[in-house]
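Try each task on the structure before you read on.

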Amino acid sequence: MENKKGNAHEKIIEKRVSYYYTVLKRFLKHGPGMFGLIVIMITLLLAIFADDIAPFDPYELNPRNRFQAPDRVHLMGTDNLGCDILSRIIYGARYSMIISISVVIISMTIGVTLGLISGYYGGFVDEIVTRATDAFMAVPSFFIYITALSMWDVRGIWTITLIMGIMMWPTFAKVVRSEVLSLKQRPYVEAGKSMGASDVRLIMRYILPNLFGSITIISSFRMAAAILTETGLNFIGLGDPTICSWGSMITRAHRSGAQLTFWWATLFPGLAITIVTWAFNLFGDGLRDALDIKTVT
Amino acid sequence: MIRRFLTLFPVLIAVTLLVFTLIHLAPGDPFAYIFSPQQGEEFQTELKEMYIKKWGLDKPIWQQYIMWLSNAFRGDLGYSYMTGRPVTELVFGRIPRTLELAFSSLILALMMAIPLGVLSAVRHGSVFDRFVTSFSVMANSMPSFWVGIIMITIFAVELRLLPTSGAGLGMGLLAHLKSLVLPMTVLGLSRLGMLTRMVRNSVLEILNEDYIVTARAKGLKEYLVIYKHALRNALLPVVTLIGLSLAFILSGSVLIETVFSWPGMGKFFVLQANRRDYTTLMGVNLIVSLTILAAMLVTDITYALLDPRIRY
């Protein structure tokens, strides 16, 4: 965001470096953004290698060990069924990541496609897509999730993922459309057109690569939103009851009345959600500052 | 202005169509939770047939939608399948509690967000600014219901300062306000991060304008530059935030009302959703969308009134 105040003569002898190199350099200097990236990396590693890292089986019930306070064996204590909370948090990372990554992939595919088409072709198609985007943005999405999930009665993670993916595309479409509108005016796109490049080629090779930055930023923010929404739905009782996700851990502790005396059962899963969501938000911010993109808010 | 108003209708139609299809194409019927197992099977089938006829569920789905829509335009949202009472009565009885929670938390959030945002923009790049920025991102990242649970644990259970749940003027104004404190704070906190950040960005943008440079160049005192020249313009976009925040806060209130057993619309909605109460679900979705659209419209109009550069 800040302007680099360099002396004029330094600017002149500066070596020519690629755009991505400067962006990378700027990002590496962005403290919060780097913090976010590191946390995201750790979370992904936990999610992938959960089987090797988790000290206990997250589903192993141990009624004699109920509500054990954090100690050396159970670093974060145990919950109302005697399950090790640390292990459940590590496995929970897996579900949180699977759900939110899938949600982002679905909504990104829909949103970017619609944004590209409406921004590039304009006219009637554009009118319809813009209207639909506005309509979807005015929809109280949380109410729709509740309606859909309770009516369709299949509480699997894929139902949740699908409905969230379908509802989250408007941000992608809006940003992509507005960027395409300005990109298609650029001289090199004109040049490509005059050389006889087809519409598909112009969109895929001339315009889409320039959207990489903003799409990554929105994806990061949407990841954060997806994690939070999934936990919220879980709390209402619309999550998948068979898996251990961070949301279901809080819900389980809350339902058993544990939060009153056994604080660790609610505190740690909530902290995990907060830190990972925070990381995705910080990463998105850092990337936006490094790329200096103003269209994404 | 009229054009702006007319754009509301397609959105409303789209929303109701979406919700209607979601509900009526879902497998199963609304009867799953209506009958108790004690009632004989024969009796149940007979009742079912009667209800299907009465509610028009045997008609094609598009006909049902048109019927619902034309009734809704006349202010009739049908009768709740579960309780048999008019949906409008059920919902409007609960809306005041939800709006009370929503507006008080919004006011609280704004009262904190505006000073924080302005200060951190004015001291751009300082430690304070960095702290506020990171904090607002973090406040944005916390699951509100979890914060609610922790607040209940600390303030209601451990310190015994505030009640854990419940509300209603029936228990006296003071007691009611006391039970409002926790849900209001938690809901406000969930929006605080976003608001602070937007206030900050808006002020930062204004501070780079030419007329601020001019004001400084002519030797105006810094606080005059900020209060007389920058803030008046910077806080205009904040007005739009109020409208946009309402959608977010209404969604958030579903969770907060559930945690704090707040007798509002959100909690009622969750309860009826679990019982497959078709008409109530349709009604609540319609009313919430209407509220959000109305808030956006009012925001646009206020904005145009406040800022003479904008005309619709």
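**Exercise 1. The contact between the chains**

How many residues does the contact take from chain B, and how many from chain A?

*Solution.* Start with the ground rules. This is a predicted model, in which local features need pLDDT of at least 70 and side-chain atom pairs count only at pLDDT 80 or more, while totals for chains, interfaces and linings use all residues. Residues are numbered from 1 along each chain as its sequence is written, and chains are lettered from A and ligands numbered from 1 in the order in which they are written.

Step 1: count the residues on each side. Chain B gives 40 residues and chain A gives 38 residues; two residues are in contact if their C-beta atoms, placed from the backbone, lie within 7 Å.

Step 2: find the elements on the side of chain B that touches chain A. At least two residues each come from α2 (8-24), α6 (127-141), α7 (144-158), α11 (236-260), α12 (265-274) and α13 (278-306) of chain B. Helices (H or I, at least four residues) and strands (E, at least two) are DSSP runs, numbered from the N terminus. The most comes from α13(B), with eight residues.

Step 3: sort that side by residue class. It holds 29 nonpolar, ten polar and one charged residue. Here Ala, Val, Leu, Ile, Met, Phe, Trp, Tyr, Cys and Pro count as nonpolar, Asp, Glu, Lys and Arg as charged, and the others, Gly among them, as polar.

**Exercise 2. Two chains, side by side**

Describe the make-up of each chain, and the confidence in chain A.

*Solution.* Step 1: list the elements. Chain A has 13 helices and zero strands, and chain B comes to 13 helices and zero strands as well.

Step 1: look at burial. A residue is buried if 20 or more other C-beta atoms lie within 10 Å of its own, exposed if 12 or fewer, and partly exposed in between, with C-beta atoms placed from the backbone. Buried residues are 48% of the 297 in chain A and 38% of the 312 in chain B.

Step 2: check the contacts along the sequence. Of the contacts in chain A with a separation of 6 or more, 73% are between residues 24 or more positions apart. In chain B, 73% of contacts between residues at least 6 apart join residues at least 24 apart.

Step 3: read the pLDDT, the predictor's confidence in each residue, from 0 to 100. Chain A has a mean of 81, and 83% of its residues reach 70 or more. Where pLDDT is low, the predicted coordinates should not be read in detail.

**Exercise 3. The largest nonpolar core**

Which residues touch the most other members of the largest nonpolar core?

*Solution.* Step 1: define the set. A nonpolar core is a set of buried Ala, Val, Leu, Ile, Met, Phe, Trp, Tyr and Cys residues joined through C-beta atoms within 7 Å.

Step 1: name the residues. Among the 155 residues of this core, they are A:Tyr145, A:Ile146 and B:Phe269. The largest share of the core, 16 residues, is from α11(A).

Step 2: follow B:Phe269. Apart from neighbours within four places in sequence, B:Phe269 contacts A:Phe143, A:Ile146, B:Val254 and B:Val284.
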